[in-house]
2 protein chains.
Amino acid sequence: MIAILVTLIDLIIYGALKISNINSIRWSRFLRPIFLINFAESRQIRRVFRSIRNTLPEITYVFLLFMFSVLMFSLMALKLFGDRNLRTVEGSPYFTNYLEIVFDLYVLVTTANSPDVMMPAFDFSWWYSLFFITYVVINTYLFMSVFLAVVYNNYRKHLKNEIRKLAYMKHHKMIEAFNILKVKEGTENVVQEAQWKKLVKLVAPDISTSHRELLLRVSDEEQKGYVDKKSFVRLADLLNIQVIAMRIQTHPLEHWMPHIYNSAVSLFVRSMVQHKGFVWIYDVIILINAVFIALDEENPLISYAEWVFLSLYILEILLKVYTYEPRAFFAKSQFWNWFDTSIIIAALIATILNTSFKSASQYNSQQVLDIVFILRVLRLIRIVDSIQRFRVIMNTLINIVPTMLTFGGLALVVYYMFAIIGMELFQGKIQFFPRNSTAHHALECGNPALKDSLFARAKYCKNNFNDITSSFVVLMELTVVNQWHVLANGFALVTHQAAKLYFIAFHIVVVIMIINILIAFILEAFFVEYSLEKSEVETAIERKIQELGVGIQEEELCDGKLIDNMETSENDLGGEEITKKKSKGLMFKIASKTLSLSSFWALQHELVACSSYLHKEQSWWFSFSRC
Amino acid sequence: MIAILVTLIDLIIYGALKISNINSIRWSRFLRPIFLINFAESRQIRRVFRSIRNTLPEITYVFLLFMFSVLMFSLMALKLFGDRNLRTVEGSPYFTNYLEIVFDLYVLVTTANSPDVMMPAFDFSWWYSLFFITYVVINTYLFMSVFLAVVYNNYRKHLKNEIRKLAYMKHHKMIEAFNILKVKEGTENVVQEAQWKKLVKLVAPDISTSHRELLLRVSDEEQKGYVDKKSFVRLADLLNIQVIAMRIQTHPLEHWMPHIYNSAVSLFVRSMVQHKGFVWIYDVIILINAVFIALDEENPLISYAEWVFLSLYILEILLKVYTYEPRAFFAKSQFWNWFDTSIIIAALIATILNTSFKSASQYNSQQVLDIVFILRVLRLIRIVDSIQRFRVIMNTLINIVPTMLTFGGLALVVYYMFAIIGMELFQGKIQFFPRNSTAHHALECGNPALKDSLFARAKYCKNNFNDITSSFVVLMELTVVNQWHVLANGFALVTHQAAKLYFIAFHIVVVIMIINILIAFILEAFFVEYSLEKSEVETAIERKIQELGVGIQEEELCDGKLIDNMETSENDLGGEEITKKKSKGLMFKIASKTLSLSSFWALQHELVACSSYLHKEQSWWFSFSRC
């Protein structure tokens, strides 16, 4: 509400001044991301912000100590080098102004001006390199790691607290629900089966009847017709576990024309596709394809080869769909099958489009061609998919993606704020002129203040804050850190030396805080991945699946008979056990833990993963395929 | 043995060839660090190497995947930018050669050529910046974090295994010892008190009688005159805990001249020194001193002020020694008192030396003056010491120092190997000429191949492999990463393009492996610091100290009456409890956990810290001062 009010006031002031022809600053603009945080499904971003706020006091003390260290070293540098009459490579005096030394040494912490900042002193005497080495060891390696440790530690602490709080709340609410639904059955309070079913239907309308039946069997172990308190409270956890119900279905073709589908030729084709050699052959094809992609496009033979490869890939997909049950092949969990198919189809469409453009008007559409190139190269990823070890790492990486997206939201908010401020400060100060432009001061980015600056010499003119896109690109460059001092100096030259503060603030907020949170995110996700064991509830469901004999047998999966063997190995990581009984048509399996982790940041799911993670001793082992 | 043999063979071959005037390569030189690892107290370095070896298989797979990603993106870059006729800032063709693209993009992973490598494509169309942003996010942020996660995870796993093994071995050996010494006492096997004392005297000859007596009281809880099996096995842990025995002694001056020392004036001085205001006044003095240091040295008033500050500091130390018991003030654990005193004394000596040099011969010794400057600035660190929060962080950092030294040993070995190889490859290829030198090709570092190269333009001539010192400095610069591609290109120009492989290898080994181990070290040290709880054995000793009433009371310490209050706060971090009974002359306290951690890598000590760390649920909280 306050943000809306403030924005409104700003709008009125701005409008009023605009009418009287005074251009003022729309100072409320950088508040806009608040709307992004407050509305929509941004609970997770808010959570991260809360976590940052909690980290602030502790990180502040480390930061002050770090700044004290920088200031001390700067003082030392002033005394050691100030009177030596040394010159930098550009010929300016070396380390004579205290504030400039502080900036230079702050940049050295980010390593962006190493080793240039050291060279004049090093040229004078090699002893002085010890000063810079000590500085880098203490401030870059030690302090930056301490920042990571503090951020990581807090992130972790905060996450645990949130999970504990949520777990407590969930438990509390479930008991409340139980108290409303309970009836007296003998000596104990219970919930009747009918009531229970009604409830489950209400809260989880989209799970299948058989799945609900399974959950009931888990909750009502002895089939007494009612659910006791302990089992009832567990319901929320039970519902959180992804149980994939799959019907073992006959292939549609077998259904429609069983004679042809089961003929000798068809069987041979199917066994061929299921053979390991099939994967190998396609790996070789991909490698050859990679070589062809690298070769010159102009050669007609090679552009013809492209069609050959494309048809080979399409043939592969058709063969696989022919062999495996299409609904199983394109199941939700089959990420790689979806990936392959969509890449191939997109490549097919793009290639056709490109060819038709070309033949139609001799005009070679740039965008379409670029997309064709990218898709062609992306096809090569499939080779990773066929090597077990890589697949495991890739799956973990893919599971991190949702986390990264939350993180992307956070980054977007911070970037947006800085972009708005940057645009207010630097808009129009630096202009980009295409090469060979004859405009005045084209070489100095349209600003004579940049004459002879490193900024102009490195041709950074397009790095400006003239529009939101450019601003984001510049901020990304600042995040990567390298050469940020050149950018900072450039913008300071066209405005004021104090502009450097903007860049330092960005470094502190984004590189020291946000990037460390990202690293903490990734580390934690990997550690959880390594340490994940089956939770108690998952074990209960699995036991029941096994008892009922409706699971999918692991051994069979390992033989690769039932489902595409790709899927099997995917399941190995989590270490779950899957059992099966062929006679029944309906089967269950617990979705791979790697998959349930994909909602890592959706705390509901996290709860399952993390409660086991909290309570069990953490043994961090790689548990690669047992298959 | 093999290394010695190989070295010998090499020597003979080299000597033989030398005689016949053929210069060959002393190829065995890079084996020398093996001697460093195998001899002396380098168990810890060997342990780290073992840990690296164990990490290799896992990191190899991640690395292959990472390289695959780099190669894929390079292929994409070749297709996207290769035919665009773009030019780099230097005017050379942009992204046309596949191998060069791979190198450029590998450098981009290290961020060293960002954003320069992007600028030509970005200038062409801002769309292409997305390619580079995606690349950086995936390869720099994601993969580099994954490397850290893998190294950290393995380091941790390996550390736990070592500790488990050691704990098991220790337990086993103690039981063996017990079986040798045991006698039958009633129904149980025990070790007689006399035997026990003899044993302790034998294995720990340097602990005091009173300390031994204390340990006996812990082991023989009920003073039955013998130690049972359970308590006996605990002995090794008991001996590992640093118990500081301190005699509450009267001040020597009070002993020699009690009338004067306890006179009204003396009491006033002593209470003044103990007052908080005393610390504050000196903090203000230090701040004023900092300003004076920054001012111009030539001004006679300022060089006079230096003497004033020096005498003020000396006065402070004298007053403190007058007020506090000197032996307590200079106790082993009083790091900051030692630090202050030695800095001041060193500054005094250096300043006197400098002045006498100056007056004696008008000659201003450079080295002495440098040392004076550094010491003057180092004195300012004391201001950190008087702020509680900073002191806590500083103590943790100081505790990391031994870990860093082990790490330094590891780094030294790797650096040495690379330095030897680098010297064989690049020695004499690049020469450094002082400024204004008229030598031939002075601007091109004595090598015409470097004409117009970035290397020569940035004046990097002193970055060469001509001697071991320069090599180490260059390797340090490569570790810091920034501009490493300029160095790599420079050395590739004077030798061969393949020389880049040396620099890439260094990056993989040092930055991806070693630096990540360093970060894992620091993270782990900080987490242990945060999570450290009292171990079972320490609690037992403490309880006994309290029971016997020979501990030092925490509250009294907090009032700062007994010992310099600096020491008190140092002890707060570990959270130990100290009790005291004034009537007795001898007191004990458990050495601060932060101190026992200082031997973090000496596994014996680690055992105590880490066994608690393994078995208890890890709650990682900051436990700042409770005082």
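Student: Which domains does the assignment give for chain A?
Tutor: In this predicted model, the assignment, which is automatic or from a database, gives domain 1 (1-31), domain 2 (58-163), domain 3 (182-241 + 535-625), domain 4 (258-386) and domain 5 (398-534). Residues are numbered from 1 along each chain as its sequence is written, and chains are lettered from A in the order in which they are written. Local features need pLDDT of at least 70, side-chain atom pairs count only at pLDDT 80 or more, and totals for chains, interfaces and linings use all residues, while side-chain values use heavy atoms, without hydrogens and water.

Student: What separates the centres of domain 1 and domain 2 of chain A?
Tutor: Taken over C-alpha atoms, the distance is 40 Å.

Student: Turning to the interface, how many residues does the contact take from each chain?
Tutor: Chain A gives 102 residues and chain B gives 102 residues, contact being heavy atoms within 4.5 Å.

Student: And what area is buried there?
Tutor: About 9,600 Å², with 71% of it on carbon and sulfur atoms; this is the accessible area (1.4 Å probe) lost on putting the two parts together, summed over both. On the chain A side, L65(A), K79(A) and Y141(A) lose the most area, together 7% of what that side buries.

Student: How many salt bridges cross the interface?
Tutor: The rule finds 2, requiring a side-chain nitrogen of Lys or Arg within 4 Å of a carboxyl oxygen of Asp or Glu. R84(A) and D370(B) form a salt bridge, at 2.9 Å from N to O.
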